[in-house]
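Dear colleague,

A short account of the findings comes after it.

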Amino acid sequence: SHYASYVEKIKEGDLLVMTSDIPLQLAVTSGTSGQSSLLPMTSHIFTRFFISGIALLFQRLNETHPEWVTLQRSMKLFYTPRWKYTPTGLRIGPNSSNPDSA
């Protein structure tokens with residue numbers, strides 16, 4: 001990847017080499033277009049992901065099926081990730097919802 005050398009610098013402790021905010025973690029991509037990659041995840045990016053993804057989903061669900069709010073049951077499936085850490089202590093793992101982020 002074009003940014004692999006920058007990700008290596010983050011792993012070595014240069015946390016601001018790609019972003020203006022300190023990353024919360026290095027998020028592992030799913031690798032659907034090939035090999036998985038690592039992306040720095042900041043609190044701003046996490047918030048944008050939530051607003052643009054999850055919140056939008058619930059807004060559309062409410063617009064198309066307003067009765068969903070009255071459902072009495074809910075189920076949330078999680079898996080516990082196996083976090084890895086850089087030598088400087090930055091977490092490396094999934095960007096998806098898990099028990100640590102719920």
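This is a predicted model: local features need pLDDT of at least 70, side-chain atom pairs count only at pLDDT 80 or more; totals for chains, interfaces and linings use all residues.

Residues are numbered from 1 along each chain as its sequence is written, and side-chain values use heavy atoms, with hydrogens and water left out.

The protein has 2 helices and 4 strands, where helices (H or I, at least four residues) and strands (E, at least two) are DSSP runs numbered from the N terminus. Along the sequence they follow the pattern α-β-β-α-β-β.

The 4 strands form an open sheet of mixed pairing, in the order 2-1-4-3; two strands pair if DSSP finds at least two bridges between them. Strand 2 (38–41) and strand 3 (84–85) are the edge strands, each pairing on one side only. Strand 3 and strand 4 (residues 91–94) are antiparallel, over 2 bridges, and lysine 84 has isoleucine 92 as its bridge partner.

Leu26 and Ile92 also belong to the largest nonpolar core, together with Val7, Ile10 and Leu90. Such a core is a set of buried Ala, Val, Leu, Ile, Met, Phe, Trp, Tyr and Cys residues joined through side-chain atoms within 4.5 Å. Buried means under 20% relative accessible area, exposed over 50%, and partly exposed in between (1.4 Å probe, protein chains only). Of the 102 residues, 19% count as buried.

Threonine 86 lies in the loop between strand 3 and strand 4. This threonine counts as buried because its relative accessibility is 5%. Not counting residues up to four places away in sequence, threonine 86 touches Lys11, Leu26 and Ile92, a contact being heavy atoms within 4.5 Å.

Helix 2 (residues 43–64) has 22 residues and reaches 30 Å from its first C-alpha to its last, close to the 32 Å expected at 1.5 Å a residue; the expected span is 1.5 Å times one less than the number of residues. A kink of about 30 degrees is centred on phenylalanine 50, the bend being the angle between axes fitted to the seven residues ending there and the seven starting there.

With kind regards
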